[in-house]
Amino acid sequence: MTLVQSAVQNKLLRLLSPADFQLLVEDLEYVTFSLRDPIESPGEPVDAALFIEDGIASIVAKSPSGGDIEIALVGVDGMTGTSLVLGSTSAPLSVYIQLPGAGHRIAAGKLQAALEQSRSLQKVLLLYVQTMIVQTATTALVNAQAEARTRLARWLLMVHDRTSGHDLYLTHEFMAVMLGMRRPWVTETLHSLEAEGHIRATRGKVAIVDRTGLMAEANGFYGEAEREYEKLLGERLSRQQR
């Protein structure tokens with residue numbers, strides 16, 4: 001059954017011109033993925049790109065001691081495999097699944113062939129890469145300058161923007177790894193945000209209740225990447241307040 005562009009959830013695929021979507025559609029394979037499924041590994045060939053329909057992939061840097069920290073995340077807003085868009089064939093960083101879900105996979109060679117055929121397809125995907133550069137830069141800034149509460153509030157908002165629904169199925173341990181924080185800090189901060197009425201936290205799940213309150217907690221560190229996405233791609237990324 002042929003995929004219909006208007007039926008996809010992935011914002012990048014929806015943004016493409018009908019002609020550019022047709023260049024990809026026959027080679028898109030619908031796949032599901034589970035928590036911590038590896039998508040890319042440093043120094044290894046990138047064999048495919050993934051346009052996410054539901055779920056979150058984390059782009060992760062590793063410290064010399066072996067610890068992981070998330071530097072960017074991808075959800076319904078975008079794709080993995082951006083190295084292919086830039087003309088590279090290998091992955092500089094780890095990418096793995098943070099929230100289970102599904103997406104449309106396209107083999108590296110097929111995507112590269114489509115990019116060679118269409119300057120307009122190349123332009124849209126390069127603009128997306130620019131939004132990821134901004135996201136990475138603002139993540140570096142918040143990690144360097146903001147306290148745990150601000151970092152966690154910003155991160156919850158960003159995950160919420162890039163998923164469907166209002167419930168985020170995340171363990172405290174995994175959030176601690178992604179944010180480079182100690183697990184007790186995550187637990188304490190979640191309890192504090194819940195006490196303020198911004199979220200509801202249960203074992204393995206965080207429900208977003210008050211985005212306006214979370215944005216206040218983010219102290220101005222949230223929104224730059226989302227505004228860049230809307231400016232460059234013409235599509236709202238930040239969710240409406242609730």
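Is R149 buried or exposed? R149 is buried, with a relative accessible area of 18%, where buried means under 20% relative accessible area, exposed means over 50% and partly exposed means in between, as found with a 1.4 Å probe on protein chains only. The legends below describe a predicted model, in which local features need pLDDT of at least 70 and side-chain atom pairs count only at pLDDT 80 or more, whereas totals for chains, interfaces and linings use all residues. Residues are numbered from 1 along each chain as its sequence is written, and side-chain values use heavy atoms, with hydrogens and water left out.

**View 1. The salt bridge between E217 and R149.** The structure holds 10 salt bridges, each being a side-chain nitrogen of Lys or Arg within 4 Å of a carboxyl oxygen of Asp or Glu. Helices (H or I, at least four residues) and strands (E, at least two) are DSSP runs, numbered from the N terminus. In this view the side chains of E217 and R149 meet at 2.6 Å, N to O. The pair joins distant parts of the chain, with E217 in helix α9 (residues 211-217) and R149 in helix α6, 68 residues apart. Like R149, which is buried, E217 counts as buried, at 15% relative accessibility.

**View 2. The salt bridge between R105 and D47.** The side chains of these two residues, R105 and D47, come together at 3.6 Å, N to O. R105 belongs to strand β5 (residues 94-107) and D47 to the loop between β2 (38-40) and β3 (48-62), so the pair ties together parts that are 58 residues apart in sequence. R105 counts as partly exposed, at 29% relative accessibility.

**View 3. A network of salt bridges that links D77, R162 and E226.**

View 4. On a 1 Å grid over the protein atoms alone, a cavity is a set of points where a 1.4 Å probe fits but cannot get out, a pocket is an open set with protein on both sides within 12 Å along at least five of seven lines, and lining residues have an atom within 4 Å of a point. Grid points are joined across faces, edges and corners, and a volume is the space filled by probe spheres set on the points. D77 and R162 are among the residues that line this second largest cavity, together with Y128, T131, M132, Q135, A225, Y229 and L237. α5 and α10 (224-233) each supply at least two residues of this lining, and the largest share, 4 residues, comes from α5. At least three lining residues come from each of domain 1 (11-141) and domain 2 (144-233), with domain bounds taken from an automatic or database domain assignment.

**View 5. The largest cavity, with a volume of about 110 Å³.** Of the 15 residues that line the largest cavity, E70, T139, R154, W155 and L179 are the closest to its centre. Two or more lining residues come from each of β4 (68-74), α5 (119-145), α6 (148-161) and α7 (172-179), and β4 gives the most, with 5 residues. The lining divides into 9 nonpolar, 3 polar and 3 charged residues, where Ala, Val, Leu, Ile, Met, Phe, Trp, Tyr, Cys and Pro count as nonpolar, Asp, Glu, Lys and Arg as charged, and the others, Gly among them, as polar.

**View 6. Helix α7 and its surroundings.** Because 6 of the 8 residues of α7 are buried, this helix is largely enclosed by the rest of the structure. The buried residues are H172, F174, M175, A176, M178 and L179, and they pack against β3, β4, β5, α6, α8 (183-195) and β8 (205-208), with contact taken as heavy atoms within 4.5 Å. After α7 comes G180, whose phi is positive, near 65°.

**View 7. The largest pocket, with a volume of about 310 Å³.** Of the 16 residues that line the largest pocket, I59, T82, S83, P92 and L93 are the closest to its centre. β4, α3 (82-85) and α5 are the elements that give two or more residues to this lining, and α5 provides the largest share, 4 residues. By class, the lining of the largest pocket has 10 nonpolar, 5 polar and 1 charged residues.
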